[in-house]
Amino acid sequence: MKITEVTFVKSVSIKSEEVLFEDTKPEVVFVGRSNVGKSSLMNAIFWTKDLVKTSSMPGKTRLANLFLMNKKYYFTDLPGYWFAKLWQELKKDLDGLISWYLEEKKDRIKCVVILIDSKIWPQETDLDMYKYIHELGLPMVFVLTKIDRLWNNDIKQSILFAESKFFWQKVFAVSSSKNLWVKELFKFLTEKLTAK
Ligand SMILES: Nc1nc2c(ncn2[C@@H]2O[C@H](COP(=O)(O)OP(=O)(O)O)[C@@H](O)[C@H]2O)c(=O)[nH]1
Ligand SMILES: [Mg+2]
């Protein structure tokens, strides 16, 4: 799919529910620990430098930021999570935004992209995220980020290890700064978005 247009639509907090029920466009959402490279990956996908603001904007970090691609598909940047105890955090975090968002939009979300820093994993939170998304019954894909910092052999090992750890879900390994495997990930996501 060719990207003809990407626009920032809005930031959603738990108090702005109306937006969720009106719009039925297919959507992919991005989740991951803070600093994992979420915004950078979305910018790399969209071929922009700073459409998706990177972590220097603390005000945006507790919001879900929605981007609309080709007027048809949402790509949503969910807030980063910090703590080791993701499970508890999802159940009772400050505003419950992540779990609220995923649960409210369950039937429109075509894929949850779970980002993992290729150098600082595996962590309990990653597996908790798997369990949570699995319980919701949503399709997911794992993305190991910043692989420009790894050796080639380590990349293959990491992918294999991640696949075995996450019950043979699809795993990508990407670098946003070097633009490695970003296109392939995008293709995978558009297939999810357009599937019947
Ligand atoms: N080496 C490298 N650094 C990256 C890559 N992607 C992001 N970063 C860096 O990681 C930090 C966090 O990135 P950001 O996209 O803001 O993470 P977010 O908090 O998950 O949205 C920034 O300093 C980025 O420059 C990558 O592919 N390779
Ligand atoms: Mg970010």
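**Salt bridges in the predicted model**

The side chains of Asp 126 and Arg 33 meet in a salt bridge with an N to O distance of 3.1 Å, a salt bridge being a side-chain nitrogen of Lys or Arg within 4 Å of a carboxyl oxygen of Asp or Glu. This pair links distant parts of the chain, with Asp 126 in helix α5 (residues 124-136) and Arg 33, 93 residues apart from it, in the loop between β2 (27-32) and α2 (38-46); helices (H or I, at least four residues) and strands (E, at least two) are DSSP runs numbered from the N terminus. Both Asp 126 and Arg 33 are buried, where buried means under 20% relative accessible area, exposed over 50%, and partly exposed in between (1.4 Å probe, protein chains only).

The structure is a predicted model, in which local features need pLDDT of at least 70 and side-chain atom pairs count only at pLDDT 80 or more, while totals for chains, interfaces and linings use all residues. Residues are numbered from 1 along each chain as its sequence is written, and side-chain values use heavy atoms, with hydrogens and water left out.

A salt bridge also joins the side chains of Lys 38 and Asp 77, at 2.6 Å from N to O, and this pair likewise links distant parts of the chain, Lys 38 lying in helix α2 and Asp 77 in strand β4 (residues 73-77), 39 residues apart. Lys 38 is buried, with a relative accessible area of 9%, and Asp 77 is buried at 6%.

In the salt bridge between Arg 108 and Asp 107 (3.7 Å, N to O), Arg 108 counts as buried at 10% relative accessibility, whereas Asp 107 is exposed at 58%. Asp 117, Lys 146 and Arg 149 are linked in a network of salt bridges, and the count comes to 10 salt bridges.

How values were computed
Chains are lettered from A and ligands numbered from 1 in the order in which they are written.
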